[in-house]
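Hi,

Here is the structure I promised to send over. Have a look at it first, and then read on for what turned up.

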Amino acid sequence: MTNLSSDINCDTFNELRSSVPLLAAYEFMNINRRENSDYDSLEKFSQFRNWSFDLNKLKRFLQNRKNTIVVTCEKEKIEWVSKGFTRMTGYDSDEAIGNSPKFLQGKDTSVKTRGQIRGKLTTQEKFSGKVINYRKNGERYICKVDILPVYDTKNELVNFVAFEYEV
């Protein structure tokens with residue numbers, strides 16, 4: 001696979017993702033995601049984005065079908081979600097990709113928590129806390145969220161990874 005990650009930002013990534021014909025380097029994003037396990041798909045994504053992050057730590061987390069992983073670009077637009085995301089939220093991956101995770105928030109989502117998340121992401125620090133979100137059907141749910149900044153091999157911020165499970 002050609003290493004294009006240094007030339008790809010959030011906007012060009014989403015433009016290329018929707019281009020026709022689909023570029024070979026991007027095929028796994030739409031076509032193969034449903035055919036592969038979450039781990040295999042995330043591993044391909046991490047290689048494409050040139051992560052310097054040990055993915056083996058994610059295997060155990062992904063084994064629980066109730067757990068969810070959401071990956072956003074540095075501009076906080078969703079680029080990848082695990083299958084658990086659909087189980088938890090009711091939204092298909094295609095409905096989430098390109099949106100901000102804020103689309104899951106609603107009237108009961110704490111303004112204080114939103115501010116804490118924004119502050120941690122701005123300073124590229126880890127966020128841990130509980131968030132009130134809403135499923136596609138409007139049902140409210142509470143999830144525990146850990147958001148980590150992810151850097152590439154050049155030590156540049158390329159993504160945020162959110163680990164989520166319903167409490």
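In which handedness of crossing does α3 pass α4? Before the answer, keep in mind that this is a predicted model. The crossing is right-handed. On the α3 side, Asp 38, Tyr 39 and Leu 42 make the contact, and they meet Asn 56, Leu 58, Lys 59 and Leu 62 of α4. Sorted by class, that contact has 4 nonpolar, 1 polar and 2 charged residues. If you want to find the helices, α3 covers residues 38–48 and α4 covers residues 56–63. Their axes come within 10 Å and cross at roughly 145 degrees.

Stay with α3 for a moment. Its buried residues are Asp 38, Tyr 39, Ser 41, Leu 42, Phe 45, Ser 46 and Phe 48. After α3 comes Asn 50, and its phi is positive, near 65 degrees.

Now for the empty space. Rolling a probe the size of a water molecule over the atoms shows where such space is left. The largest pocket has a volume of about 360 Å³, and 21 residues line it. Nearest its centre you'll find Pro 101, Gln 105, Ile 117, Leu 121 and Ile 147.

Which element gives the largest share of that lining? It's α7, with 5 residues. At least two lining residues each come from β1 (68–73), α7 (111–122), β3 (127–134), β4 (140–151) and β5 (157–166). By class, the lining of the largest pocket has 11 nonpolar, 5 polar and 5 charged residues.

Cheers

Notes. Residues are numbered from 1 along each chain as its sequence is written. This is a predicted model: local features need pLDDT of at least 70, side-chain atom pairs count only at pLDDT 80 or more; totals for chains, interfaces and linings use all residues. Side-chain values use heavy atoms; hydrogens and water are left out. On a 1 Å grid over the protein atoms alone, a cavity is a set of points where a 1.4 Å probe fits but cannot get out, and a pocket is an open set with protein on both sides within 12 Å along at least five of seven lines; lining residues have an atom within 4 Å of a point. Grid points are joined across faces, edges and corners, and a volume is the space filled by probe spheres set on the points. Helices (H or I, at least four residues) and strands (E, at least two) are DSSP runs, numbered from the N terminus. Ala, Val, Leu, Ile, Met, Phe, Trp, Tyr, Cys and Pro count as nonpolar, Asp, Glu, Lys and Arg as charged, and the others, Gly among them, as polar. Axes are lines fitted to C-alpha atoms, for helices over the stretch in contact, and angles run from 0 to 180 degrees between N-to-C directions. A crossing is left-handed if the near helix is turned anticlockwise from the far one by less than a right angle, and right-handed if clockwise. Contact means heavy atoms within 4.5 Å. Buried means under 20% relative accessible area, exposed over 50%, partly exposed in between (1.4 Å probe, protein chains only).
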